[in-house]
Amino acid sequence: MSVSFKEEFDGSGYTVARGLFAADEVEGLREHYMTLRRRGSYPGDTVGVQATSRDPLRRYPRMAQMHRWDDASLQWLIDQRLDEVLTGLLGRSPYAVQTMLYFKPPGSRGQALHQDNFYLKAEPGTCVAAWMALDRVDEANGCLSVVPGSHRWPILCTEKADTQVSFTDVTVPVPDQEAAVPVVMEPGDVLFFHGALVHGSEPNVTEDRFRRALIGHYIEGEAEQVAEYYHPALRMDGSPLELGVAEGGGACGEWVATEDGPVVAMTAQHIVSRKHE
């Protein structure tokens, strides 16, 4: 693994491995998931396919935990290339806990800014995402935007999101709304990012371009527990292991105004358990 990957990950909370997967592999995965979605609903779907809905995300709802019943998803989740980069970033091989597929067709809402470890509650340590573009992703079709350096923040308290532009109803506040920067990617590029990194996406405003992405969530190899939804965790050879179940959550933080500008202040609040699907 390039040393620059780890330097960027440690400094900014994310890094992009360009062209990690070949074009023919990406095309095969893209068609595989489109075929699966057209066939109907599966375990892990939060809503069923509603082919006549006016909401594009109802016509193409995201898929979750496909690796539990789909071998192609499992093989991607534990792929040696992902393991190699993650091991270089984290210092040891991670545990795999989730797969997701976002279709994000034209006209879809985005997802408000959030932090993944709010949901996974991996302890000790954190979770890490591997987010692979299956299409070219840019600002027009709603690429991910990230807040560089926010991986050093605590897990922030959530507030209500604008569901006119976000399909999720909670978000995290940031002191500067311009702090999030878009990550433009080509098919086969993989964005790796820290579980505390604040990230989200804007709506897909194109008329004819999907923004499909395949995501794996992992937890650091020294983690001893993770939220119940993510069990069983897998080693990167595909074998399951037993971990503790994380209940509730730890202290979170809120932005407060000071004479020197906004800062994160820790509170005594505890995170309510949620399932991130």
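Predicted model: local features only at pLDDT ≥ 70, side-chain atom pairs only at ≥ 80, totals over all residues.
Where does S108 sit? S108 belongs to the loop between β3 and β4, and from there its side chain reaches the backbone oxygen of P105, at 2.6 Å. If we set aside residues up to four places away in sequence, the residues that S108 touches are P56, L57, P203 and N204.

Is K104 buried or exposed? With a relative accessibility of 4%, K104 counts as buried, because that value falls under the 20% cut-off. The backbone of K104 deserves a look as well, as its phi is near 40 degrees, a positive value in a residue other than glycine. As background, most residues other than glycine have a negative phi, and most peptide bonds are trans.

A second residue with a positive phi is Q65, for which the angle is near 55 degrees, and this again is a residue other than glycine. You will find Q65 in the loop that runs between β2, at 63-64, and α4, at 71-77, and because its relative accessibility is 3%, Q65 counts as buried.

Now to the peptide bonds, where I would like to point out two places. Which bond is cis with omega near 0 degrees? That is the peptide bond from H231 to P232, and P232 lies in the loop between β13, residues 225-227, and β14, residues 233-234. The other place is E123 and P124, which are joined by a cis peptide bond with an omega of about -15 degrees, with P124 in the loop between α6, residues 117-120, and β5, residues 127-133.

Finally, let me step back to the chain as a whole, which has six helices and 18 strands. Of its 277 residues, 53% count as buried, and the accessible surface of the protein chain comes to about 12200 Å², with 48% of that belonging to carbon and sulfur atoms.

Technical notes:
Residues numbered from 1 in each chain as written. Heavy atoms only, no water. Helix = DSSP H or I, 4+ residues; strand = E, 2+ residues; numbered from the N terminus. Buried < 20%, exposed > 50% of the residue type's maximum accessible area, 1.4 Å probe, protein only. Polar contact = N/O pair within 3.5 Å; in protein donor to acceptor, adjacent residues only side chain to side chain. Contact = heavy atoms within 4.5 Å. Areas by Shrake-Rupley, 256 points an atom, 1.4 Å probe, with all protein chains shown as cover.
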